[in-house]
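Here is a short briefing on one protein chain. Please keep the sequence and the model open as you read.

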Amino acid sequence: MRVISIQNLTRDYGGGRGIFDVSFQVDRGEAFGFLGPNGAGKTTTIRHLMGFIRPKAGNCTVSGLDCWKSSSEIQKSLGYIPGEISFFDDMTGREFLDFSAKYQGLSDTARQKALLERFELNPKGKIKKMSKGMKQKLGIVSAFMHDPEILILDEPTSGLDPLMQSRFIELIGEEKQRGKTILLSSHMFEEVERTCDRIGIIREGRLAAVDSVEALRKRHLRTYQVTLDTEASARAFAADFGGTCSGQTVTVAARQSLEDIFMHYYGGERHD
């Protein structure tokens, strides 16, 4: 069942900026990675899903609801981490979480406490005195603490140190196993590769590819031929690298990393 659906979504800001004819779907229980550099159109697409922007053309729905017309209903049913998190700086972290819990209709705080422990966050201090990483952790706790079935996450590990990034990736893995539907926007290859079933690569506001990581790797398989000085050396080389041997020539197929595939779409022939 399709939970998130985007059809021919367009928002033209002029000068080549915006998103153009973007279409993809995310099924129930799927983790979809939305991959692209800053300014490619990831956040603009997500802001449409959240109902912050009205489509100029095309449409988008979440759980069958129109994202513009039913934005308040949609926002209450999902977990959202914005690319740039805005807080009431005069609040403490605790006051912000209490405010969020009231908005979400949350009374049981057990999951909130577990998330605070997981990300080693003490929410008592003033938000304006928190570091970028602490604010990001606060946003993560707020997005996950009401145990939503749908998660829309825009650069969710921005500002986190490597340990906390790893803990976040573990959390996403657990949520996937519990059947959550996840849209994860990122420019971090490892984050997407470790968590997502399919990915969409966006370039200058247009989707360049939408497929599983496995299918993209197969599509961009590289083949190399190496000629050695003796047949014995060739057979040994083929055995070591999983190649096929014909006389002194060995043919080896090499699978590209997600980063290599990404650079193929962004760098063109320079990265082939």
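How do the axes of helix 5 (residues 132–144) and helix 6 (residues 162–177) cross, and within what distance do they come? They cross at roughly 10° and come within 13 Å. This is a predicted model: local features need pLDDT of at least 70, side-chain atom pairs count only at pLDDT 80 or more, and totals for chains, interfaces and linings use all residues. Residues are numbered from 1 along each chain as its sequence is written, and side-chain values use heavy atoms, with hydrogens and water left out.

**Overall picture and confidence**

- The chain has 10 helices and 13 strands. These are DSSP runs numbered from the N terminus (helices are H or I, at least four residues; strands are E, at least two).
- Its C-alpha trace spans about 75 × 45 × 35 Å along the principal axes.
- Of the 272 residues, 45% count as buried. Buried means under 20% relative accessible area, exposed over 50%, and partly exposed in between (1.4 Å probe, protein chains only).
- Among contacts with a separation of 6 or more, 66% come from residues 24 or more positions apart. A contact means heavy atoms within 4.5 Å.
- The average pLDDT is 88, and 92% of the residues score at least 70. This score is the predictor's confidence in each residue, from 0 to 100.
- Where pLDDT is low, the predicted coordinates should not be read in detail.

**Helix 5 against helix 6**

- The crossing angle of roughly 10° makes helix 5 roughly parallel to helix 6. Angles under 35 degrees count as roughly parallel, over 145 as roughly antiparallel, 65 to 115 as roughly perpendicular and the rest as oblique.
- Axes are lines fitted to C-alpha atoms, for helices over the stretch in contact, and angles run from 0 to 180 degrees between N-to-C directions.
- Helix 5 contributes Lys137, Ile140 and Phe144 to the contact; helix 6 contributes Met164, Phe168, Leu171, Ile172 and Glu175.
- By class, the contact has six nonpolar, no polar and two charged residues. Ala, Val, Leu, Ile, Met, Phe, Trp, Tyr, Cys and Pro count as nonpolar, Asp, Glu, Lys and Arg as charged, and the others, Gly among them, as polar.

**Helix 1 and His48**

- Six of the eight residues of helix 1 (residues 42–49) are buried. They are Lys42, Thr44, Thr45, Ile46, His48 and Leu49.
- His48 counts as buried because its relative accessibility is 1%.
- Leaving out residues up to four places away in sequence, His48 touches Leu9, Arg11, Ile19, Ile53, Arg54, Pro55, Cys60 and Cys67.
- Gly51 follows helix 1 and has a positive phi, near 80°.

**Aromatic pairs**

- The structure holds seven aromatic pairs. Rings of Phe, Tyr and Trp (its six-membered ring) pair if their centres lie within 6.5 Å; planes under 30 degrees apart count as stacked, over 60 as edge-to-face and the rest as tilted.
- Phe88 and Phe99 are edge-to-face, because their planes stand at 85°, with ring centres 5.8 Å apart.
- Phe24, Phe32 and Phe34 form one cluster.

- Most residues other than glycine have a negative phi.
- Asn8, in strand 1 (residues 2–14), has a positive phi near 50°. Asn8 is partly exposed at 39%.
- Asp21, in strand 2 (residues 17–27), has a positive phi of about 55°. Asp21 is partly exposed at 48%.
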